[in-house]
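Please have a look at the model first, and then we can walk through it together.

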Amino acid sequence: HHADGPEIVGQLLLTPVTDANTNTASYVENGEGRVLTAGLMKWFWDHYADPDQRTDPRASPLRAASLVGLPPALVITGEFDPLRDEGIAYAAALADAGVPVQHILGRGHIHTSFTAVDVLPSGVPYREAMATALRGWFARTSASVGL
């Protein structure tokens, strides 16, 4: 919770980027041919941060010295997403730091498929899980401010 910013009640992390390291098994296995490619991620990183900035925890939160005290999280990763392993690692790091976290691995999913509403019915339970998490976080917030 930053003194100058809003209170963050939860982290909804759908196929998140959590580390600039692109040498994970999921990058190797899923780096080509499934919409989000290793080459496209390199392009994104090249537009997002200079190489010497990429290990900064603000760009690669998995590299933070501590994740203690962060808000509860739902992390959803795709089985065939290059970002799968860093998402799994971030969920594990949050749990190790005592942060309430739920990780859901989307079997058969790629980076972009969870939000393909009315295209892929298999995305429905994941979107329902996201909605449930958001409702829970915001319900606690509303109750605490007397709404």
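This is a predicted model: local features need pLDDT of at least 70, side-chain atom pairs count only at pLDDT 80 or more; totals for chains, interfaces and linings use all residues.

Buried means under 20% relative accessible area, exposed means over 50%, and partly exposed lies in between (1.4 Å probe, protein chains only). Residues are numbered from 1 along each chain as its sequence is written, and side-chain values use heavy atoms, leaving out hydrogens and water.

- Helices (H or I, at least four residues) and strands (E, at least two) are DSSP runs, numbered from the N terminus.
- On one side of β2, Ala-73, Val-75 and Thr-77 are buried, and on the other so are Leu-74, Ile-76 and Gly-78.
- Strands pair if DSSP finds at least two bridges between them; β2 (residues 73–78) and β3 (residues 101–106) run parallel and are joined by 6 bridges.
- Within that pairing, Ile-76 has Ile-104 of β3 as its bridge partner.
- From β2 the chain passes through helix α3 (residues 84–96) to β3 in a right-handed β-α-β crossover (clockwise from the first strand over the helix to the second, with the strands pointing away from the viewer).
- β2 also pairs with β1, in the parallel sense, over 4 bridges.

**Leu-12**
- Leu-12 belongs to strand β1 (residues 11–14) and stands opposite Leu-74 in β2.
- Leu-12 is partly exposed, at a relative accessible area of 31%.
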